[in-house]
Amino acid sequence: MTEQSGFGLRAQIAKLAWRYRSLGVFGGQASTQELEQATPDGDDTGPQAFASDLEALGPTFVKLGQMMSTRPDMIAPEYARALERMQEQVAPVPLDEIEAQIEAEFGVRINKLFQSFDSQPIGSASIAQVHRAVLHDGREVAVKVQRPGIGPRMRADLEALAGFASAADSFTDMGRRVRFSDWLEEFRKALMAELDYVAEAENLARFAEHLQDYPELRVPQPVWDYTRPRVLTMELVNGVRVDQIPGVRRTELDLQPIAVALMKGYLDQFFVHGEIHADPHPGNMRLTDDGRLAIFDLGMMAHLAPRLRDRLLKLVFAAVDGRGEQVAQETIAMSTRLEDYDEERYTREIGRVVALYAAHSESRSEGKTMLDVVAIATDCGLRTPPELTLLGKTLLNLDAVCQALSPGIDVKDVMEGHLQDVMKGRLRKSLSSANLASEAIEIQELVRDAPRRVSDTLAILAENKLQIRVAGLEDSRLIENLQKIANRISAGIITAALILASALMMRVDTAARLFGYPAIALVLFIAAFVLGMTLVISSMRRDRTAARKEERNPL
């Protein structure tokens, strides 16, 4: 797509939003059942057409579509699958531009950096392309170079999208449920982090350290001296995609231990280290020549706060164990209850989904179950945290990779066994000497301060000094609104009096006339009209609808 002005981009976004408004993504009036009855593929507003229209808007919207595919509460399943597969068709950047980008980052000629640098890329995407190179010490490396000008373009795209997200939050029911502005802000942070290759290099190093207990897995390591914010140099790892492993290789190598190690390693990432690799699909996994699984593209990583991590661990463990009621309780505890929240329906539906998963775990993945939980929550007036959706999508991708490596593997059994180990490890950690000492100090402070606090409370009661303050009654906004009410009532009374006076004066014949009417009567009527219109315009511009009630449990 060629560069375009901000106005032109906004016009294209508005056209796209109007064309696909029936999806519920932008209009927000469709329930999950209605979304599943979206226009079938083959129509000019079908799934493939929607994905193509997003691709035409450029790399930012390709990434946006891929992220939207992780939100079953936003978009119909058919469209989510089309967005998940979308890849922008981009031509490689000419070699001279790539070399100029590298030289600008390092400040030296490219032949000073590399002994050789292949002119043809081994991979080309919308944000970057990868070239094979050889360092002066003989090491083969892969050099990931950011496309020139992609950063400013993406920032401009995100700025244009922000206005639409804010409008959707204010004027659509779906916006109120899922908060497009918050979701877009998280997407912006993830995208900006993906543009920083130093951060990606840190992710590679940290991910490898976390997976060191799993020798079956490999993460290519960065070459720090040759890494800059827009250039990432890392070990060159050759291998075949996990969904393209030839049958002969399968007969030579037992791939089930690799699949088990992959699932266990990622569960550790989630619930031990508090990180989520947002995109572990088969295209980012390679079976290497030495029989290990290499993991690539760690630019987009999400981080889990400790308390949210605990909630998610209990939720996933309850789902794997078939305890639907606890799944519902944990989801409610980490979510925001909206005005139309239906707890009875939500609990019943979650129990049904978890029971279905427990009975047919061989055909229903854990990730699909998590995404079903999110979709049901949205239908029932519960806004779930985005991390739950991301976890579900990641588990869904991991299940696909594990099945590609070892068809028929019992992923549920692997998860259940390893989650028990994680829970035991967390219990041992909570009983460590450091944690016990910290809790002992807190108990000591409670015991020491309790008598004084009880004595102070009794003294206040005995002296009749207990006061209860009701928040809001003394708020300045309340006083301001009361003054507005009084002012408008007064203005309305004055307007009515002026109209009545002008009507009576019209019957009085005077020498002073204006446009054929008694001058005094006409002046009074004009004054009443101006005052009345001012009152109406002020009410329309400044009056705000009361915020709908939302209730969130503290984590």
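The model is predicted, and local features were taken at pLDDT of at least 70, side-chain atom pairs only at pLDDT 80 or more, and totals for chains, interfaces and linings over all residues. Residues are numbered from 1 along each chain as its sequence is written, and side-chain values use heavy atoms, with hydrogens and water left out.

The secondary structure of the protein comprises 22 helices and 16 strands; helices (H or I, at least four residues) and strands (E, at least two) are DSSP runs numbered from the N terminus. Of the 555 residues, 44% count as buried, where buried means under 20% relative accessible area, exposed over 50%, and partly exposed in between, computed with a 1.4 Å probe on protein chains only. Among contacts between residues at least 6 apart in sequence, 69% join residues at least 24 apart, a contact being heavy atoms within 4.5 Å.

Nonpolar cores were defined as sets of buried Ala, Val, Leu, Ile, Met, Phe, Trp, Tyr and Cys residues joined through side-chain atoms within 4.5 Å. The largest such core holds 116 residues, of which Leu262, Phe271 and Tyr346 touch the most other members. Helix 13 supplies the largest share of this core, 10 residues. Not counting residues up to four places away in sequence, Leu262 touches Leu217, Met285, Leu293, Ile295, Leu398, Val401 and Cys402. A second, separate core is made up of 16 residues, including Phe106, Ala133, Leu135 and Val143.

Helix 13 (residues 256-271) packs against helix 19 (residues 411-430) at an angle of about 40°, with the axes 10 Å apart. Axes are lines fitted to C-alpha atoms, for helices over the stretch in contact, and angles run from 0 to 180 degrees between N-to-C directions. The two helices are therefore oblique to each other; angles under 35 degrees count as roughly parallel, over 145 as roughly antiparallel, 65 to 115 as roughly perpendicular and the rest as oblique. On the helix 13 side, Val260, Met263, Lys264, Leu267, Asp268 and Phe271 take part, and they meet Val411, Val414, Met415, His418, Leu419, Val422 and Arg426 of helix 19. By class, the residues of this contact are 9 nonpolar, 1 polar and 3 charged. In this division Ala, Val, Leu, Ile, Met, Phe, Trp, Tyr, Cys and Pro count as nonpolar, Asp, Glu, Lys and Arg as charged, and the others, Gly among them, as polar.

For helix 15 (residues 324-334) and helix 16 (residues 343-359), the axes come within 8 Å and cross at roughly 130°. Helix 15 is thus oblique to helix 16. This crossing, too, is right-handed. Gly324, Val327, Ala328, Thr331 and Ile332 of helix 15 make the contact with Glu343, Tyr346, Thr347, Ile350, Gly351 and Val354 of helix 16. The residues of the contact divide into 6 nonpolar, 4 polar and 1 charged. Tyr346 is also one of the residues that touch the most other members of the largest nonpolar core.

Ala318 lies in helix 14 (residues 306-320) and is buried, with a relative accessible area of 0%. Its contacts, leaving aside neighbours within four places in sequence, are Arg323, Gln326 and Val327. Ala318 and Glu416 are 98 residues apart in sequence, with a C-alpha to C-alpha distance of 9.7 Å.

Asp410 is placed in the loop between helix 18 (386-405) and helix 19 and is partly exposed at 45% relative accessible area. Asp410 is 48 residues from Glu362 in sequence and 7.0 Å from it in space, C-alpha to C-alpha. In helix 6 (residues 95-106), Asp96 counts as exposed at 53% relative accessibility. The C-alpha atoms of Asp96 and Ser119, 23 residues apart along the chain, are separated by 9.3 Å.

Most residues other than glycine have a negative phi. Asp297, in the loop between strand 10 (293-295) and strand 11 (301-303), has a positive phi near 55° and is partly exposed, with a relative accessible area of 25%. Asn464 likewise has a positive phi, of about 55°. Asn464 is located in the loop between helix 20 (433-462) and helix 21 (476-505) and counts as exposed at 70% relative accessibility.

Notes: Left-handed = near helix turned anticlockwise from the far one by under 90°.
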